Amino acid sequence: MDKLTNKILNLEKISAALEPSLLDRNKMNNQLQDFINYFIETIDDSPAYYSGKPDTNKLSITLKKKELKNLLAIYHKEVVKKGINPASGGHLGYIPGGGIYAASLGDVLASITNEYAGMYFASPGAVVMENELLNWMKTIFGFPKDAVGNLTSGGSIANLIALTAARDKHQIKNEKITKSVIYLSEQVHHCVHKSLRIIGLEDVIVRFLELDKNSKIISKKLAQQISTDIANKLTPFLVIASAGTTDTGAIDPLEQIGKIAKHHNLWFHIDGAYGGFFILSESKKQLFKGIEMADSLVIDPHKGLFLPYGIGTVLIKEKEAVFHSHHYTANYMQDATANVEVNPADVSPELTKHFRGLRLWLPLQLHGLAPFIACLDEKLLLTTYFRNQLKAIGFKLGPEPDLSVSYFWYPSKTIDENIFNEKLINIIHKDGTVFLSSTKIDGKFVIRMAILSFRTKKATIDKTIQMIKNCIVQTKAYFKNN
Ligand SMILES: *Cc1c(COP(=O)(O)O)cnc(C)c1O
């Protein structure tokens with residue numbers, strides 16, 4: 001054997017470890033399956049929040065071979081049992097995720113077959129699958145067939161893509177930037193502000209619109225502000241509304257805002273990352289009237305369709321506006337350019353990407369849509385149920401929410417309410433049975449609930465009330481003794 005062949009064959013022996021045998025695969029699959037089953041079977045009895053920090057040493061990279069079994073144990077102790085348990089039905093903080101099982105099967109399949117979902121040429125099936133999912137979402141939100149879209153990693157990138165298209169449609173660059181005006185609510189998600197900086201619009205004029213007592217944009221004020229700005233020779237070009245704000249779940253008056261935007265030729269962007277899929281609930285449909293008027297829309301399947309983290313969606317009516325920044329041809333891609341489908345890579349900063357479509361396609365095909373809609377309706381009713389129970393044990397409630405995010409506070413008579421409720425949430429976090437977060441509404445410290453995990457059930461809310469009652473007793477005791 002010559003030297004080169006010898007060397008190659010030697011390396012082949014070592015690198016063969018990267019393709020485990022059937023026997024080894026089965027062994028690893030069984031260990032993983034045991035872990036998964038234990039995790040899911042015990043999740044209802046596990047805390048939703050663990051305080052404490054992971055041991056960095058245990059997680060650092062030593063590059064020595066280890067057994068999967070041991071690694072799973074480390075993963076359990078240092079990762080799963082630290083911080084929020086996002087798969088738990090007791091996760092009622094921020095915007096919960098969840099992570100339905102069928103989606104995980106899609107991820108496994110996508111990883112094993114490793115379809116190249118960025119370009120039609122490479123995987124026509126994967127691209128058609130993703131485009132069909134986008135087409136389905138276009139019908140839900142009343143977008144035309146020729147709108148484009150993308151399955152992103154989440155709502156932040158989806159917003160980034162949409163706002164980039166708005167910028168390019170109106171050619172906001174150079175000296176135009178400081179004369180251009182964006183209208184939004186203080187309740188927009190902070191990723192919108194991040195996006196504006198990333199896309200070079202840090203110096204545009206941002207008008208924070210006045211909100212009503214339900215934290216919704218007052219559309220009359222929007223119209224007035226636009227007129228004032230035009231009279232002052234500024235260039236209004238973009239209005240951003242939320243279909244479900246993160247803090248209180250408020251849906252802005254979409255139709256009224258849409259009409260104003262149209263009248264003044266503004267780009268109308270709607271962020272429905274949290275709330276968008278509630279349009280599927282018959283009881284809420286009318287609140288989304290006008291969503292079809294948007295030029296761009298963001299929705300997050302990893303929120304409203306209970307998928308594991310890592311999938312958002314953007315829909316944009318004007319293909320040319322998106323293509324300006326994202327469509328690209330390079331010499332080394334010359335084989336990949338001629339086709340009829342829109343390539344995901346033409347609508348996103350990503351070229352190579354995770355084949356996210358499968359994790360959505362598989363659950364929708366396996367379960368049909370009915371359980372998803374039932375789950376959304378269930379979350380809405382659980383929100384009402386939770387509020388009723390809170391009222392019964394003496395809490396004050398924020399306004400009746402549009403969706404499944406709401407807030408409440410304990411009206412302490414002896415201690416400053418902000419101080420009392422801050423201590424209360426600390427004690428709730430220490431307890432950990434159920435995870436709630438807090439926020440400030442008009443300077444008032446309040447406890448916030450967000451119900452969106454598919455695992456949140458009536459029993460979860462009953463457990464939460466029990467926990468909160470215990471925590472109030474502890475909070476009162478604390479202030480008595482301090
Ligand atoms: C969660 C959320 C985002 C950000 O989405 P990510 O998926 O976390 O990147 C944007 N807007 C709203 C309204 C959200 O609720």
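Analyst: Happy to. A salt bridge here is a side-chain nitrogen of Lys or Arg within 4 Å of a carboxyl oxygen of Asp or Glu. Please keep in mind that this is a predicted model.

User: What makes Glu378 and Lys457 a salt bridge?

Analyst: Their side chains meet with N to O at 3.1 Å, and the cut-off is 4 Å, so the pair qualifies. This pair links distant parts of the chain: Glu378 sits in helix α14 (residues 370–392), Lys457 in the loop between β13 and α16, and 79 residues separate them.

User: Why is Glu378 called partly exposed?

Analyst: Its relative accessible area is 24%. Buried needs a value under 20% and exposed one over 50%, so a residue in between is partly exposed. Lys457, at 36%, is partly exposed as well.

User: How many salt bridges does the structure hold?

Analyst: The structure holds 19 salt bridges. Some share partners: Lys77, Glu78 and Lys82 are joined into one network that way.

User: What makes Asp247 and Arg448 a salt bridge?

Analyst: The closest N and O atoms are 3.8 Å apart, and the limit is 4 Å, so the pair counts. Arg448 lies in strand β13 and Asp247 in the loop between β6 and α10, 201 residues apart.

User: Are these two buried or exposed?

Analyst: Arg448 has a relative accessible area of 3% and is buried. Asp247 is at 19%, and buried means under 20%, so Asp247 is buried too. Besides Arg448, the residues that Asp247 touches include Gln187, Val405, Thr439, Lys440 and Ile441, leaving out residues up to four places away in sequence.

User: Which parts of the chain are the two domains?

Analyst: Domain 1 covers 107–367 and domain 2 covers 370–481. Their C-alpha centres lie 31 Å apart. The contact takes 27 residues from domain 1 and 21 residues from domain 2.

User: How is the size of an interface often given?

Analyst: The accessible area lost when the parts come together is often used for this. Here domain 1 and domain 2 bury about 2,000 Å² between them, with 67% of it on carbon and sulfur atoms. On the domain 1 side, Asp247, Phe278 and Phe306 lose the most area to domain 2, together 33% of what that side buries. Two salt bridges are found across the interface, and nine residue pairs are in polar contact between the domains.

User: Why is Arg455 called buried?

Analyst: Arg455 has a relative accessible area of 14%, and the label applies under 20%, so Arg455 is buried. This residue is found in the loop between β13 (444–450) and α16 (458–481).

User: What does the side chain of Arg455 reach?

Analyst: The backbone oxygen of Ala87, at 2.8 Å. Leaving aside neighbours within four places in sequence, Arg455 is also in contact with residues including Ile40, Ile43, Gly89, Gly99 and Thr460.

User: Which residues of helix α12 are buried?

Analyst: In α12 (residues 319–326), these are Ala321, Val322, Phe323 and His326. Among the elements that cover them are β3 (148–152), α7 (155–169), β7 (267–272) and β9 (312–316).

Terms used
Residues numbered from 1 in each chain as written. Predicted model: local features only at pLDDT ≥ 70, side-chain atom pairs only at ≥ 80, totals over all residues. Heavy atoms only, no water. Domains from an automatic or database assignment. Contact = heavy atoms within 4.5 Å. Buried area = accessible area lost by both parts, 1.4 Å probe. Polar contact = N/O pair within 3.5 Å; in protein donor to acceptor, adjacent residues only side chain to side chain. Helix = DSSP H or I, 4+ residues; strand = E, 2+ residues; numbered from the N terminus. Buried < 20%, exposed > 50% of the residue type's maximum accessible area, 1.4 Å probe, protein only.
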